Amino acid sequence: MNYRPERKGILQRLGIKHHEYWPWWLLVMPIWPLWIFYMFRTLKITWFTAVNPGMEDSGFLGESKIKILNSIPEQYKPKTIFISYQNALATNAIDIPFPLIAKPDIGGRGRKIRVIQNVEELLQYHEEVHEDYMVQEIIPYDLELGVFYIRMPYESKGKVVSLSEKEFLKVEGDGTLSVKQLMLLDYRSSLQIERLGKGIDLDEVLPQGTVKLLEPIGNHCRGTIFRDRGDLISDPLCEVFDTISKSIEGFYYGRFDLRVRSMEDLIEGEHIQIMELNGITADAAHIFDPNARLRDALYIQILNCIQSFKIARYNIRNGAKTTPVLELYRKSINGF
(Lines give C-alpha, C1' and ligand atoms only; values in the text may rest on other atoms or scores of the structure.)
Protein backbone atom coordinates (compact mmCIF):
# COMPACT_ATOMS: atom_id res chain seq x y z
CA MET A 1 0.00 0.00 0.00
CA ASN A 2 1.46 3.36 -1.05
CA TYR A 3 0.44 6.37 1.01
CA ARG A 4 0.78 10.01 0.07
CA PRO A 5 3.59 11.94 1.79
CA GLU A 6 2.73 13.38 5.17
CA ARG A 7 1.27 16.85 4.81
CA LYS A 8 2.29 19.82 6.91
CA GLY A 9 -0.54 22.02 8.09
CA ILE A 10 -0.30 25.59 9.33
CA LEU A 11 0.50 24.53 12.89
CA GLN A 12 3.31 22.24 11.73
CA ARG A 13 4.77 25.06 9.64
CA LEU A 14 4.79 27.14 12.82
CA GLY A 15 6.74 24.43 14.63
CA ILE A 16 3.82 22.87 16.54
CA LYS A 17 3.68 19.09 16.49
CA HIS A 18 0.89 17.31 14.66
CA HIS A 19 -2.02 16.57 16.98
CA GLU A 20 -1.28 12.83 16.97
CA TYR A 21 1.56 13.66 19.38
CA TRP A 22 -0.52 15.80 21.70
CA PRO A 23 -1.42 14.57 25.22
CA TRP A 24 -4.75 12.74 25.15
CA TRP A 25 -6.39 15.23 27.51
CA LEU A 26 -5.56 18.16 25.23
CA LEU A 27 -7.24 16.62 22.22
CA VAL A 28 -10.44 15.82 24.14
CA MET A 29 -10.56 19.21 25.88
CA PRO A 30 -12.95 20.72 23.28
CA ILE A 31 -15.64 18.15 24.17
CA TRP A 32 -15.44 18.69 27.93
CA PRO A 33 -17.96 21.59 27.80
CA LEU A 34 -20.33 19.25 25.96
CA TRP A 35 -19.90 16.56 28.61
CA ILE A 36 -20.72 19.14 31.29
CA PHE A 37 -23.70 20.47 29.35
CA TYR A 38 -25.06 16.94 29.02
CA MET A 39 -24.77 16.49 32.78
CA PHE A 40 -27.42 19.19 33.12
CA ARG A 41 -29.49 17.77 30.26
CA THR A 42 -29.69 14.33 31.87
CA LEU A 43 -29.33 15.40 35.53
CA LYS A 44 -26.68 12.67 35.71
CA ILE A 45 -23.06 13.62 36.41
CA THR A 46 -21.83 10.33 34.93
CA TRP A 47 -24.37 10.17 32.09
CA PHE A 48 -21.73 8.68 29.77
CA THR A 49 -21.60 5.44 31.77
CA ALA A 50 -25.04 4.60 30.35
CA VAL A 51 -23.86 4.53 26.73
CA ASN A 52 -22.96 0.81 26.81
CA PRO A 53 -25.07 -0.76 29.60
CA GLY A 54 -23.53 -4.17 28.99
CA MET A 55 -20.01 -2.86 29.56
CA GLU A 56 -18.60 -1.90 32.95
CA ASP A 57 -18.94 1.92 33.20
CA SER A 58 -19.49 1.86 29.42
CA GLY A 59 -15.73 1.39 29.03
CA PHE A 60 -14.78 4.72 30.62
CA LEU A 61 -11.57 3.90 32.55
CA GLY A 62 -10.61 1.11 34.89
CA GLU A 63 -12.84 -1.50 33.29
CA SER A 64 -11.81 -5.15 33.09
CA LYS A 65 -10.66 -6.12 29.60
CA ILE A 66 -11.34 -9.81 30.20
CA LYS A 67 -14.96 -9.10 31.15
CA ILE A 68 -15.44 -7.27 27.88
CA LEU A 69 -13.73 -10.01 25.90
CA ASN A 70 -15.93 -12.61 27.58
CA SER A 71 -18.97 -10.84 26.11
CA ILE A 72 -17.68 -11.38 22.56
CA PRO A 73 -18.55 -14.62 20.73
CA GLU A 74 -15.68 -17.12 20.62
CA GLN A 75 -15.47 -17.05 16.83
CA TYR A 76 -14.36 -13.42 16.88
CA LYS A 77 -11.57 -13.45 19.44
CA PRO A 78 -8.16 -15.04 20.08
CA LYS A 79 -7.58 -17.41 22.97
CA THR A 80 -7.13 -15.32 26.12
CA ILE A 81 -6.44 -16.37 29.72
CA PHE A 82 -6.91 -14.20 32.81
CA ILE A 83 -4.19 -14.45 35.48
CA SER A 84 -4.22 -13.09 39.01
CA TYR A 85 -0.81 -11.77 40.03
CA GLN A 86 -1.55 -12.64 43.66
CA ASN A 87 -1.55 -16.36 42.91
CA ALA A 88 1.33 -18.58 41.93
CA LEU A 89 1.63 -18.85 38.18
CA ALA A 90 0.75 -22.33 36.93
CA THR A 91 2.55 -22.29 33.61
CA ASN A 92 1.38 -25.80 32.74
CA ALA A 93 -2.22 -24.50 32.69
CA ILE A 94 -1.47 -21.96 29.96
CA ASP A 95 -2.27 -23.71 26.70
CA ILE A 96 -1.24 -20.81 24.48
CA PRO A 97 1.93 -21.29 22.43
CA PHE A 98 4.87 -18.91 22.74
CA PRO A 99 5.40 -16.18 21.78
CA LEU A 100 2.30 -14.63 23.29
CA ILE A 101 1.05 -11.22 24.41
CA ALA A 102 0.79 -10.26 28.09
CA LYS A 103 -1.09 -7.12 29.13
CA PRO A 104 -2.80 -5.75 32.25
CA ASP A 105 -6.48 -6.49 32.68
CA ILE A 106 -7.06 -2.82 33.52
CA GLY A 107 -5.48 0.11 31.75
CA GLY A 108 -4.68 1.23 28.24
CA ARG A 109 -2.42 3.22 25.89
CA GLY A 110 0.12 0.40 25.67
CA ARG A 111 0.90 0.31 29.38
CA LYS A 112 2.87 -2.80 30.39
CA ILE A 113 2.04 -4.70 27.20
CA ARG A 114 4.81 -7.12 26.36
CA VAL A 115 5.56 -9.87 23.87
CA ILE A 116 6.56 -12.94 25.90
CA GLN A 117 8.91 -15.36 24.18
CA ASN A 118 9.14 -18.22 26.70
CA VAL A 119 8.21 -19.51 30.15
CA GLU A 120 11.09 -17.69 31.84
CA GLU A 121 9.95 -14.32 30.47
CA LEU A 122 6.37 -15.06 31.55
CA LEU A 123 7.49 -15.87 35.09
CA GLN A 124 9.47 -12.63 35.17
CA TYR A 125 6.47 -10.65 33.92
CA HIS A 126 4.29 -12.26 36.58
CA GLU A 127 6.71 -11.12 39.28
CA GLU A 128 7.00 -7.58 37.95
CA VAL A 129 3.49 -6.64 36.85
CA HIS A 130 1.90 -6.26 40.34
CA GLU A 131 -1.64 -6.35 38.95
CA ASP A 132 -4.01 -8.81 37.34
CA TYR A 133 -3.26 -9.44 33.69
CA MET A 134 -4.10 -11.66 30.79
CA VAL A 135 -2.15 -13.56 28.20
CA GLN A 136 -3.37 -13.72 24.63
CA GLU A 137 -2.32 -15.71 21.62
CA ILE A 138 -0.63 -13.81 18.80
CA ILE A 139 -2.97 -13.69 15.83
CA PRO A 140 -1.18 -14.87 12.66
CA TYR A 141 -2.55 -12.04 10.49
CA ASP A 142 -0.50 -9.00 9.49
CA LEU A 143 -3.44 -6.66 8.97
CA GLU A 144 -4.41 -4.82 12.17
CA LEU A 145 -7.30 -2.36 12.19
CA GLY A 146 -9.28 -0.05 14.40
CA VAL A 147 -13.01 -0.07 13.60
CA PHE A 148 -15.20 2.53 15.32
CA TYR A 149 -18.87 1.60 15.37
CA ILE A 150 -22.00 3.45 16.55
CA ARG A 151 -25.59 2.21 16.69
CA MET A 152 -28.63 3.77 18.30
CA PRO A 153 -30.35 1.32 20.71
CA TYR A 154 -33.68 1.80 18.95
CA GLU A 155 -32.27 1.09 15.49
CA SER A 156 -31.43 -2.23 13.87
CA LYS A 157 -28.58 -0.86 11.80
CA GLY A 158 -25.51 1.05 12.90
CA LYS A 159 -22.59 2.69 11.17
CA VAL A 160 -18.86 2.18 10.96
CA VAL A 161 -17.73 5.79 11.34
CA SER A 162 -13.99 5.18 11.31
CA LEU A 163 -11.68 2.59 9.79
CA SER A 164 -7.94 2.85 10.41
CA GLU A 165 -5.08 0.57 9.42
CA LYS A 166 -2.11 0.23 11.74
CA GLU A 167 1.36 0.57 10.26
CA PHE A 168 3.94 -0.84 12.66
CA LEU A 169 7.24 0.83 13.49
CA LYS A 170 10.05 -0.42 11.25
CA VAL A 171 13.23 0.64 9.49
CA GLU A 172 14.72 -0.29 6.12
CA GLY A 173 18.44 -0.95 5.93
CA ASP A 174 20.85 0.68 3.51
CA GLY A 175 23.89 -1.47 4.24
CA THR A 176 25.70 1.41 5.93
CA LEU A 177 23.73 2.97 8.79
CA SER A 178 22.96 1.21 12.06
CA VAL A 179 19.42 0.65 13.27
CA LYS A 180 19.82 3.55 15.70
CA GLN A 181 21.08 5.87 12.98
CA LEU A 182 18.14 4.92 10.78
CA MET A 183 15.74 5.61 13.64
CA LEU A 184 17.30 9.03 14.20
CA LEU A 185 16.38 9.96 10.63
CA ASP A 186 12.67 9.67 11.47
CA TYR A 187 11.03 11.68 14.25
CA ARG A 188 8.49 8.98 15.07
CA SER A 189 11.19 6.32 15.36
CA SER A 190 13.56 8.56 17.29
CA LEU A 191 11.03 8.81 20.14
CA GLN A 192 11.31 5.05 20.68
CA ILE A 193 15.11 4.68 20.75
CA GLU A 194 15.54 4.65 24.52
CA ARG A 195 12.71 2.18 25.08
CA LEU A 196 13.57 -0.19 22.24
CA GLY A 197 17.27 -0.09 23.02
CA LYS A 198 16.61 -2.32 26.02
CA GLY A 199 15.43 -5.17 23.82
CA ILE A 200 17.03 -4.94 20.38
CA ASP A 201 20.52 -4.38 19.00
CA LEU A 202 20.56 -0.75 17.89
CA ASP A 203 24.09 -1.09 16.48
CA GLU A 204 23.04 -3.70 13.93
CA VAL A 205 23.62 -2.70 10.30
CA LEU A 206 20.90 -4.05 8.05
CA PRO A 207 21.66 -5.10 4.48
CA GLN A 208 20.35 -2.88 1.69
CA GLY A 209 16.57 -3.20 1.38
CA THR A 210 16.14 -5.35 4.50
CA VAL A 211 13.13 -4.26 6.57
CA LYS A 212 13.29 -4.76 10.34
CA LEU A 213 10.13 -4.67 12.43
CA LEU A 214 10.95 -2.72 15.58
CA GLU A 215 7.62 -2.92 17.42
CA PRO A 216 4.99 -5.66 16.83
CA ILE A 217 2.39 -4.07 19.14
CA GLY A 218 0.03 -1.71 17.36
CA ASN A 219 -0.18 1.16 19.81
CA HIS A 220 0.32 4.82 18.99
CA CYS A 221 2.60 5.46 21.96
CA ARG A 222 4.84 2.68 20.61
CA GLY A 223 5.30 4.40 17.27
CA THR A 224 2.44 2.89 15.27
CA ILE A 225 1.00 4.98 12.44
CA PHE A 226 -2.79 5.01 12.05
CA ARG A 227 -3.76 5.26 8.39
CA ASP A 228 -7.23 6.46 7.49
CA ARG A 229 -9.01 3.78 5.42
CA GLY A 230 -12.39 5.45 5.44
CA ASP A 231 -12.54 4.90 1.68
CA LEU A 232 -13.35 1.25 2.43
CA ILE A 233 -16.38 1.93 4.64
CA SER A 234 -19.44 0.51 2.91
CA ASP A 235 -22.88 -0.89 3.62
CA PRO A 236 -21.58 -4.49 3.60
CA LEU A 237 -18.89 -3.55 6.13
CA CYS A 238 -21.47 -1.88 8.37
CA GLU A 239 -23.62 -5.01 8.16
CA VAL A 240 -20.67 -7.11 9.35
CA PHE A 241 -20.32 -4.99 12.47
CA ASP A 242 -24.08 -4.85 12.95
CA THR A 243 -23.93 -8.63 13.28
CA ILE A 244 -20.95 -8.55 15.64
CA SER A 245 -22.27 -5.73 17.83
CA LYS A 246 -25.71 -7.28 18.21
CA SER A 247 -24.05 -10.40 19.59
CA ILE A 248 -22.50 -8.29 22.38
CA GLU A 249 -25.19 -7.46 24.90
CA GLY A 250 -25.55 -3.78 25.74
CA PHE A 251 -22.91 -2.49 23.30
CA TYR A 252 -23.64 0.50 21.04
CA TYR A 253 -20.56 2.71 20.86
CA GLY A 254 -16.84 2.03 20.67
CA ARG A 255 -13.80 0.81 18.79
CA PHE A 256 -12.87 -2.72 17.86
CA ASP A 257 -9.11 -3.34 17.76
CA LEU A 258 -8.74 -6.41 15.59
CA ARG A 259 -6.67 -8.41 13.18
CA VAL A 260 -7.99 -9.91 9.98
CA ARG A 261 -6.45 -11.91 7.19
CA SER A 262 -7.31 -9.37 4.49
CA MET A 263 -9.57 -6.43 3.72
CA GLU A 264 -11.66 -8.75 1.58
CA ASP A 265 -12.18 -11.03 4.57
CA LEU A 266 -13.15 -8.05 6.71
CA ILE A 267 -15.91 -7.04 4.32
CA GLU A 268 -17.06 -10.66 4.16
CA GLY A 269 -17.01 -10.92 7.96
CA GLU A 270 -14.49 -13.76 7.90
CA HIS A 271 -11.25 -14.44 9.82
CA ILE A 272 -11.87 -11.50 12.17
CA GLN A 273 -10.11 -11.69 15.54
CA ILE A 274 -10.92 -8.96 18.08
CA MET A 275 -8.07 -8.28 20.50
CA GLU A 276 -9.84 -5.55 22.45
CA LEU A 277 -13.13 -3.69 22.47
CA ASN A 278 -12.95 -0.12 23.78
CA GLY A 279 -15.98 1.85 24.93
CA ILE A 280 -16.90 5.45 25.64
CA THR A 281 -13.36 6.86 25.89
CA ALA A 282 -12.20 5.24 22.66
CA ASP A 283 -11.05 7.49 19.83
CA ALA A 284 -11.88 7.13 16.17
CA ALA A 285 -8.27 6.27 15.38
CA HIS A 286 -8.27 7.66 11.84
CA ILE A 287 -8.04 11.17 13.32
CA PHE A 288 -4.41 10.35 14.17
CA ASP A 289 -3.46 9.77 10.54
CA PRO A 290 -0.38 11.96 9.92
CA ASN A 291 -2.32 13.62 7.10
CA ALA A 292 -5.42 14.32 9.20
CA ARG A 293 -6.29 17.96 9.78
CA LEU A 294 -6.83 19.21 13.32
CA ARG A 295 -10.18 20.82 12.52
CA ASP A 296 -11.45 17.52 11.11
CA ALA A 297 -10.23 15.63 14.17
CA LEU A 298 -11.99 18.04 16.52
CA TYR A 299 -15.16 17.85 14.44
CA ILE A 300 -15.18 14.06 14.71
CA GLN A 301 -14.60 14.22 18.48
CA ILE A 302 -17.56 16.58 18.90
CA LEU A 303 -19.82 14.63 16.55
CA ASN A 304 -19.11 11.34 18.33
CA CYS A 305 -19.76 12.98 21.70
CA ILE A 306 -23.17 14.13 20.47
CA GLN A 307 -23.95 10.61 19.29
CA SER A 308 -22.86 9.12 22.62
CA PHE A 309 -25.19 11.52 24.45
CA LYS A 310 -28.15 10.50 22.31
CA ILE A 311 -27.47 6.84 23.12
CA ALA A 312 -27.02 7.50 26.84
CA ARG A 313 -30.17 9.63 27.06
CA TYR A 314 -32.25 6.88 25.46
CA ASN A 315 -30.76 4.20 27.70
CA ILE A 316 -31.28 6.28 30.86
CA ARG A 317 -34.91 6.88 29.92
CA ASN A 318 -35.29 3.14 29.53
CA GLY A 319 -33.86 2.25 32.93
CA ALA A 320 -30.08 2.12 32.42
CA LYS A 321 -28.13 2.97 35.57
CA THR A 322 -25.15 5.30 35.75
CA THR A 323 -22.05 4.70 37.87
CA PRO A 324 -21.80 6.74 41.11
CA VAL A 325 -19.20 9.51 40.92
CA LEU A 326 -16.92 8.28 43.70
CA GLU A 327 -16.92 4.74 42.38
CA LEU A 328 -16.04 5.96 38.90
CA TYR A 329 -13.25 8.15 40.29
CA ARG A 330 -11.71 5.21 42.12
CA LYS A 331 -11.80 3.04 39.01
CA SER A 332 -10.40 5.82 36.85
CA ILE A 333 -7.39 6.22 39.14
CA ASN A 334 -6.75 2.47 38.87
CA GLY A 335 -7.06 2.74 35.11
CA PHE A 336 -3.97 4.92 34.95
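This is a predicted model: local features need pLDDT of at least 70, side-chain atom pairs count only at pLDDT 80 or more; totals for chains, interfaces and linings use all residues.
The strands concerned are S5 (residues 143-150) and S6 (residues 159-167), which pair in the antiparallel sense over 6 bridges. Both belong to an open sheet of 5 strands, whose order is S9-S6-S5-S10-S11 and whose pairing is antiparallel. At the edges of this sheet stand strand S9 (225-228) and strand S11 (272-278), and because each has a single partner strand, one side of each is left without a neighbour in the sheet. From one strand to the next, the twist averages 30°.

Another open sheet has 4 strands, arranged antiparallel in the order S1-S4-S2-S3. Its edge strands are S1 (80-83) and S3 (114-116), each of which pairs on one side only, and here the twist from strand to strand averages 30°. Within this sheet, Leu-100 stands opposite Ile-116 in S3, while helix H5 (residues 119-129) lies across S1, S2, S3 and strand S4 (133-137), running at about 145° to S3.

| Strand pair | Sense | Bridges |
|---|---|---|
| S5 (residues 143-150) and S6 (residues 159-167) | antiparallel | 6 bridges |
| S2 (residues 100-104) and S3 | antiparallel | 3 bridges |

Elsewhere in the chain, Glu-327 is found in helix H12 (residues 325-335). With a relative accessible area of 30%, Glu-327 counts as partly exposed, because that term covers values between the 20% limit for buried and the 50% limit for exposed. Although Glu-327 and Asp-57 are 270 residues apart in sequence, their C-alpha atoms are 9.8 Å apart in space.

Terms used:
Residues are numbered from 1 along each chain as its sequence is written. Side-chain values use heavy atoms; hydrogens and water are left out. Two strands pair if DSSP finds at least two bridges between them. Helices (H or I, at least four residues) and strands (E, at least two) are DSSP runs, numbered from the N terminus. Axes are lines fitted to C-alpha atoms, for helices over the stretch in contact, and angles run from 0 to 180 degrees between N-to-C directions. Contact means heavy atoms within 4.5 Å. Buried means under 20% relative accessible area, exposed over 50%, partly exposed in between (1.4 Å probe, protein chains only).
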